[in-house]
Number of protein chains: 2
Amino acid sequence: MKIALLGLGQVGRSFLRILAENSDYYEQRVRRKIEIVVAADFHHVLHAEYGMDPQRLLYYKEKGDIWGTGYPEIDRESLFDKEFDVLVDLMPATSDGIRARDLYLTSFGKSRDVVTACKSGLANFWPEIMSAASSSNRRIRYEATVAGGVPFFSFIQECLRSSVVTRIVGQVNSAANFVLLSIAKGETFDHAIEEAGKLGILEANYHFDTLGNDSAWKTVITANSIFGSALKPHNIRFEGVEGLDPEVPGLKYTRLLAEIAVQDGKIVASSTLRKLKQSDPLASLKGKGLGYTVYMNGRAPLTVLEFNDGPTETATAVINDLLLL
Amino acid sequence: MKIALLGLGQVGRSFLRILAENSDYYEQRVRRKIEIVVAADFHHVLHAEYGMDPQRLLYYKEKGDIWGTGYPEIDRESLFDKEFDVLVDLMPATSDGIRARDLYLTSFGKSRDVVTACKSGLANFWPEIMSAASSSNRRIRYEATVAGGVPFFSFIQECLRSSVVTRIVGQVNSAANFVLLSIAKGETFDHAIEEAGKLGILEANYHFDTLGNDSAWKTVITANSIFGSALKPHNIRFEGVEGLDPEVPGLKYTRLLAEIAVQDGKIVASSTLRKLKQSDPLASLKGKGLGYTVYMNGRAPLTVLEFNDGPTETATAVINDLLLL
């Protein structure tokens, strides 16, 4: 499997690190060899017909410039002239999602599958992107767009095929909840942002996290993917965590939660601040955790929790998508 | 997909109930029609070339005798003369597992796949069964054998392909933990057994649960399936919950837990009573709950919890296997 890897931020670098470590395991266990034939960051697009060494890319990226790897540089425009199977989008979100939509539509048109960790394109143009994929007979996977490294779409699609999902409640964005819980502990907003930045859990533009856009995008993607709706971010009610009053009672049990449910045959989605019962398993998640509860018809709900999400975990979700393609 | 459904105990009847309710959903969403062409309990084997109505089978089973359905009876020996794709084994465990092993080997030889909820065959004859499946080019799925209705094998196989699993700790048998926690609350063993029976979470021979065999079988199946070992139940250390002293300190945080780990390249498996920290998410599970934590190389562990498992949940795991085949 030849891939074009676009974006070498925190998730992209984790992707390289994991690939360097686990390549042999993937070949042995899953019989899949993932070869990076194109790698791009903001400054350069490199190409190597027979694959690049992820360790070498990582080394030069961390030193400051992937150009140092010596892999030949190509024009950004000639990307699709190169031979590869899957485009992997790990680039930062733009608020309108147009950049991502155009890229995916071009990919499908050029007979490439897509794996993405970028939310805004899917959240803003779900029907367009899915119908383009389907009419080109291409696939798009987006596990890493919701709940970071916690398996979510693959869990529902593969493990819960036999059940009718009726409601999902989840802490799907760690940055906003990290800031919220820092404020609950008496820290300042600015300090919380600084700490979240160090953990690598912030969007490049952190207001996407703290104003609630990121969680809203995730909510919309979930609703559209799992419940078949065609919502856009402006169709749902969403809140952020900027300007929170640290004195609000019970703030430490409050979370920014996505909720999507079928009520009387209608899909209702929101991403709002809600106080959890202490006994709710989601309340055990702290600021770095992610998780969700899935409710289903006629059977007990299931909860999936991860107490410490970050770019490494998100990168495992991206690679899992590649291994599932 | 035509199936032969063997076993109409609690899980078998739940299977029929869910199939009756969700058949249309499966056809629409997963494009899969599950047709029961053979149905058998301890007394009768019925056959209907064009499929049976699950509701009708359930009605007569609950009334006392599936013979009342009017579907023609066949000899147990002529089972494989009938046309079907998958044998579904929901029959009670026998301690040696020979009944199950022989049935699966015959199934593979007759070009049928197998989906099973029965543990003892797989736990006692894992290498034989897997090599027979592989040499006949047939598949066997066994999601329901471990952790009831909590997705487990499908979770690790589909959702965690990109990570190297190093350790699994789980409450994988609810009956033993239900009895243990009832004793911790001051109830008698006999009363706990009676209550567990009403919930439908006991093996037909309840000593398999309370002496720890069931949890040991699950531990062995997990070790062999996920870590590639060839263990048998007598190779691992296991305990039960008979004769527990209610005065043991911290009994309410004690659980019968399966643990399988790779240590210095060696696979270590056990099913023993262990006291959990109060903060361990598995400690939030009460007697009817099931769940586990998966530890992986270089990334945060994941915990999956279900607070109320029973035959319905187990039946969803069996059907999920059919939908994944």
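Tutor: In this predicted model, the largest nonpolar core holds 116 residues. Phe155(A) and Phe155(B) have the most contacts inside that core. Leaving aside residues up to four places away in sequence, Phe155(B) touches Pro151(A), Phe155(A), Cys159(A) and Val304(A) in chain A, and Leu160(B), Tyr292(B), Leu302(B) and Val304(B) in chain B.

Next, the sheet with strands from both chains. This open sheet has twelve strands, with mixed pairing, in the order 8(A)-10(A)-9(A)-7(A)-11(A)-12(A)-12(B)-11(B)-7(B)-9(B)-10(B)-8(B). Its edges are strand 8 (237–238) of chain A and strand 8 (237–238) of chain B; each has a single partner strand, so one side of each lacks a neighbour in the sheet. Within chain A, strand 11 pairs with strand 12 (residues 299–306) in the antiparallel sense, over six bridges. Gly291(A) is placed opposite Leu305(A) of strand 12 of chain A.

Helix 6 (residues 174–184) of chain A is mostly covered, with ten of its eleven residues buried. Among them are Phe178(A), Val179(A), Leu180(A), Leu181(A) and Ile183(A), along with Ser174(A), Asn177(A) and Ser182(A). The cover over the buried residues of this helix includes strand 7 (165–171), strand 9 (254–263), strand 10 (266–275) and strand 11 (290–296) of chain A, as well as helix 7 (189–199) and helix 8 (207–210) of chain A.

Chain A also has an open sheet of six strands, ordered 3-2-1-4-5-6, with mixed pairing. Strand 3 (45–47) and strand 6 (140–141) of chain A are at its edges, each with a single partner strand, so each has one side without a neighbour in the sheet. Helix 3 (residues 98–109) of chain A packs on this sheet and touches strand 1, strand 4 (86–89), strand 5 (113–116) and strand 6 of chain A. The direction of helix 3 of chain A makes about 170° with that of strand 4 of chain A. Strand 1 (residues 2–6) and strand 2 (residues 35–40) of chain A run parallel and are joined by five bridges; Leu6(A) has Ala40(A) as its bridge partner in strand 2 of chain A.

Finally, a helix pair. Helix 1 (residues 10–30) and helix 10 (residues 311–324) of chain A pack at about 45°, with axes 9 Å apart, and are therefore oblique to each other. Helix 1 of chain A passes helix 10 of chain A in a right-handed crossing. The contact involves residues including Phe15(A), Ile18(A) and Tyr26(A) of helix 1 of chain A, and Ala315(A), Ile319(A) and Leu322(A) of helix 10 of chain A.

How values were computed: Residues are numbered from 1 along each chain as its sequence is written. Chains are lettered from A and ligands numbered from 1 in the order in which they are written. This is a predicted model: local features need pLDDT of at least 70, side-chain atom pairs count only at pLDDT 80 or more; totals for chains, interfaces and linings use all residues. Side-chain values use heavy atoms; hydrogens and water are left out. A nonpolar core is a set of buried Ala, Val, Leu, Ile, Met, Phe, Trp, Tyr and Cys residues joined through side-chain atoms within 4.5 Å. Buried means under 20% relative accessible area, exposed over 50%, partly exposed in between (1.4 Å probe, protein chains only). Contact means heavy atoms within 4.5 Å. Two strands pair if DSSP finds at least two bridges between them. Helices (H or I, at least four residues) and strands (E, at least two) are DSSP runs, numbered from the N terminus. Axes are lines fitted to C-alpha atoms, for helices over the stretch in contact, and angles run from 0 to 180 degrees between N-to-C directions. Angles under 35 degrees count as roughly parallel, over 145 as roughly antiparallel, 65 to 115 as roughly perpendicular and the rest as oblique. A crossing is left-handed if the near helix is turned anticlockwise from the far one by less than a right angle, and right-handed if clockwise.
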